[in-house]
Amino acid sequence: MAPSVHSSSSTLLTSDTDERYANVNWEELEFSLTPTDYMFVAKYKQGETFSEGNIVPYGDISISPCSAIFNYGQGLFEGLKAYRTEDKRIRLFRPDENALRMQNGAERLCMTAPSAEQFIKAVKQTVLANKKWVPPPGKGSLYIRPLLIGSGAMLGLASAPEYTFLIYATPVGEYHKVSSGLMNLKVNHHNYHRSHYGGTGGVKSCTNYSPVVKTFLEAKSLGFSDVLFLDAATGRNIEELTTSNIFIVKGDIVTTPPILGTILPGITRKSVSELARDIGYKVEERDISVDEMLEAEEVFCTGTATVVKAVETVTYKDKKVKYKTGEEALSTKLYTMLTDIQMGIVEDKKGWMVEIDGCDD
Ligand code: COI
């Protein structure tokens, strides 16, 4: 059954917009949902090509209780950001990479994804419809959340008879907002794993995320900012945080775990690796044992929501190691290099930024 967009009490009416907008504190944006005005919805039957889709008022959708997403978790999501520049442009960061990652995930979960062209067009339409919600330059970004879900009803396990591609957006500030701005990680060494070879850890399946919440909350209750998961096969190598990739630095070598199906191929990970190479670092993608990380000079993590965050401490069993942070740290340099490109402070020589036309009024 097709999801329909309701004009229920939770649907936002245009008349609410001004009041909701007036209530946003742009100086104190957090990584949380501020409903915007519109979302994009497209749906299609299995075996058909994608319908063009429409911009509709942001609001609840109705989905069959028997849908593949509700019953079997057949769903993928993406996260990307739009930035407002001082000269009044609005630009997306590498949307083609998100489109590609959604296609790879769809292949793994037997879904049909939009083409890169359809994906980028829909993202642009969503941003344009919500352009007033893109934060002022330097105050944050518009976080865009594309979803591809099995929305059609079926009881036996199969690929869904119908899919929905939906995009909503919300203005956001910093993820992992901690007073020091630094991360304190706990290595998860004794209970749950995030992923395993042959699983779905390498695609952005919705089902990768709720299983890590238990470990995350346990670590939070002990005062840590996040959990660092180890590989399920050996329990010796570092893999990924709940929502970010990880890097270590020693001398002029920057190392990050390899993309072998157990960690998410992060777009910020890829971009930051390129930036580190540009300034003379050697970037290696290979297994990193916990012991090697404990000997590193610097540790940092990356992600669309996370951006680039320095890790101040890592705790493994009863050992706590402190790393270099601050102005001299490579993570600070990479953060500035990346966000200067994203915010239009320096010229984008990489061709990473995609302009949204019609935003300059
Ligand atoms: C992102 O960084 O965009 C993510 O998808 C992580 C999210 C769960 C906050």
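A backbone N or O atom of Ala305 lies 2.8 Å from an oxygen atom of the ligand, a polar contact in the sense of a pair of N or O atoms within 3.5 Å. The protein covers 89% of the 290 Å² of accessible area that the ligand has on its own (Shrake-Rupley method, 1.4 Å probe). Please keep in mind that this is a predicted model, where local features need pLDDT of at least 70 and side-chain atom pairs pLDDT 80 or more, while totals for chains, interfaces and linings use all residues. Residues are numbered from 1 along each chain as its sequence is written, and side-chain values use heavy atoms, without hydrogens and water.

**Around the ligand**
- The residues surrounding the ligand (a heavy atom within 4 Å) include Phe31, Phe77, Arg145, Tyr175 and Thr243.
- By class, this shell has five nonpolar, three polar and two charged residues; Tyr and Ala count as nonpolar, Lys and Arg as charged, and Gly as polar.

**Two domains**
- The domain assignment, automatic or from a database, gives domain 1 (26–172) and domain 2 (183–325).
- Each of these domains supplies at least three residues to the shell around the ligand.
- The domain centres, taken over C-alpha atoms, are separated by 26 Å.
- Where the domains meet, 20 residues of domain 1 are in contact with 18 residues of domain 2 (heavy atoms within 4.5 Å).

Notes:
Polar contact = N/O pair within 3.5 Å; in protein donor to acceptor, adjacent residues only side chain to side chain.
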